[in-house]
Amino acid sequence: MPDLDLDFVRAQFPAFSEPTLEGWAFFENAGGSYPAEATVRRLTDFYRETKVQPDHPFPVSRRAGALMDESYERIATCLNVAPDEVHFGPSTSMNTYVLAHALRPLLTEGDEIVVTNQDHEANSGVWRRWEATGITVREWRIDPETAHLDPRDLANLLNDRTRLVAFPHASNVVAEINPVAEIAAMAREAGAISIVDGVAAAPHGLPDVDQLGCDVYLFSAYKTYGPHQGVMVVRRELNERAENQGHYFNAHLSGKRLTPAGPDHAQVAAMSGIADYTDALYTRHFRTNLAADGRARRVHDLMRDHEVALMRPLLDYLAGRNDIRLIGPREAERRAPTISIVHERPGEALAADLSLHKVMAGGGHFYGRRVVEALGIDPEHGALRLSFLHYTSRQEIDQVIEALDRVL
Ligand SMILES: Cc1ncc(COP(=O)(O)O)c(C=O)c1O
């Protein structure tokens with residue numbers, strides 16, 4: 001695997017040449033990443049050149065529709081699924097909300113589901129609400145010390161009435177990478193649908209959803225260098241069984257059944273910016289001309305190596321302090337670079353102090369309130385979260401370590 005060409009990477013993001021951001025180290029990427037130049041260009045081009053209702057029989061309208069279709073095709077290829085299995089909605093929270101309405105009719109009273117207390121609320125509350133409609137909700141719980149979600153505990157919760165298992169690829173607070181393929185296979189074996197929240201994992205490299213074997217995979221494009229959209233892969237067979245949430249006369253159109261809000265044309269078109277950026281990274285680093293899904297896999301590994309190398313000095317530094325509690329694994333290989341720590345001072349106060357050293361970070365529970373509570377942390381006190389991506393530099397890691405030294 002070649003080393004990531006960081007100068008090339010950073011040249012693909014307008015924020016890194018924005019004078020007002022100069023000197024600021026960005027460590028709030030789990031909240032939202034910088035968009036790639038390709039995303040910004042596609043979005044503004046759409047607004048300038050093709051901002052008309054798509055798919056009417058005049059040229060600019062056809063072009064608008066084609067740009068949107070391109071996004072479904074190219075994002076599907078990156079994720080190794082079919083274009084009609086990709087759905088773009090306003091956000092992941094909205095996508096799970098709609099999905100919960102679409103899937104509830106597949107269950108009958110007395111059926112069971114499994115949710116975790118490691119998830120962001122977006123992949124938790126919508127399923128837990130089914131309890132009021134006669135569904136038994138079982139909670140798959142983390143270890144209160146390590147925050148680890150153990151698949152052996154899931155095995156004890158599954159039975160022949162289990163219909164759905166919702167869990168995170170990685171939590172946006174804990175960041176341990178959960179073994180999705182193993183868990184999805186356990187759910188399938190029990191006859192249950194698997195719903196995976198990939199929001200905190202996808203920014204670190206797009207996954208091969210087919211290989212993961214889950215029925216639904218969700219992530220937020222605005223954390224993955226794209227526009228403010230939620231991406232939802234729903235496998236075809238499940239979409240066919242789900243209840244249509246769109247207009248009745250569109251029930252036969254797979255792409256309209258699960259996104260009743262109607263598409264944001266320009267943002268859907270700008271989704272191709274993620275694929276453009278993935279291709280640009282691939283071409284810069286690899287000689288062989290692989291198909292697009294293979295390119296996405298290589299780029300995933302390229303990003304991952306860089307991120308793991310950057311995590312090590314930060315995790316070593318944190319391990320050397322006895323005044324903080326690190327949430328999630330100490331080993332870089334087991335986690336995403338979303339590093340939450342708890343200190344005697346509230347997370348938000350620490351973040352405010354870090355900003356005096358030109359470090360952008362956040363504090364709180366990050367809507368992972370249940371996981372924070374399960375770890376025995378007062379959610380109002382919260383954690384400080386330092387989250388970075390492959391475009392982060394070693395100098396920025398040093399900057400955050402120096403700033404932490406002064407602030408903690
Ligand atoms: C892990 C995780 N899941 C879900 C969400 C919700 O995503 P959205 O803002 O697109 O609704 C977030 C947002 O921060 C998140 O971090």
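Visitor: Which residue is the bridge partner of R325 in β10?

Guide: In β10, R325 has V342 as its bridge partner. Please keep in mind that this model is predicted: local features need pLDDT of at least 70, side-chain atom pairs count only at pLDDT 80 or more, and totals for chains, interfaces and linings use all residues. Residue numbers start from 1 along each chain as its sequence is written.

Visitor: What makes β9 and β10 a pair?

Guide: Two strands pair if DSSP finds at least two bridges between them. β9 and β10 (residues 338-342) have 2 bridges, in the antiparallel sense, so they qualify as a pair.

Visitor: Why are β9 and β12 called edges?

Guide: Their open sheet has 4 strands in the order β9-β10-β13-β12, with antiparallel pairing. β9 (325-326) and β12 (362-364) each have a single partner strand, so one side of each lacks a neighbour in the sheet.

Visitor: What is the strand order in the sheet of 7 strands?

Guide: That open sheet runs β2-β8-β7-β6-β5-β3-β4, with mixed pairing. Its edge strands are β2 (86-89) and β4 (136-140), each pairing on one side only. Within this sheet, β7 (residues 216-220) and β8 (residues 230-234) are antiparallel over 5 bridges, and V216 stands opposite V234 in β8. Helix α4 (residues 92-103) lies across β2, β5 (162-168), β7 and β8, at about 155° to β7.

Visitor: How do you know which residues of α2 and α11 are in contact?

Guide: Residues are in contact if their C-beta atoms, placed from the backbone, lie within 7 Å. On that basis A38, T39 and R42 in α2 meet S272, G273, I274, D276 and Y277 in α11. The residues of this contact divide into 3 nonpolar, 3 polar and 2 charged. α2 (residues 37-49) and α11 (residues 272-285) pack at about 145°, with axes 7 Å apart; angles run from 0 to 180 degrees between N-to-C directions, and axes are lines fitted to C-alpha atoms, for helices over the stretch in contact.

Visitor: What counts as a helix or a strand, and how many of each does the protein chain have?

Guide: Both are DSSP runs numbered from the N terminus: helices are H or I with at least four residues, strands E with at least two. The protein chain has 15 helices and 13 strands.

Visitor: Why is the protein chain called as compact as a globular protein of its length?

Guide: The globule rule is 2.2 Å times the number of residues to the power 0.38, and the radius of gyration is taken over C-alpha atoms. For 408 residues the rule gives 22 Å, and the chain has 21 Å, close to that value, so it is as compact as a globular protein of that length.

Key
Contact = placed C-beta atoms within 7 Å. Nonpolar A, V, L, I, M, F, W, Y, C, P; charged D, E, K, R; others polar.
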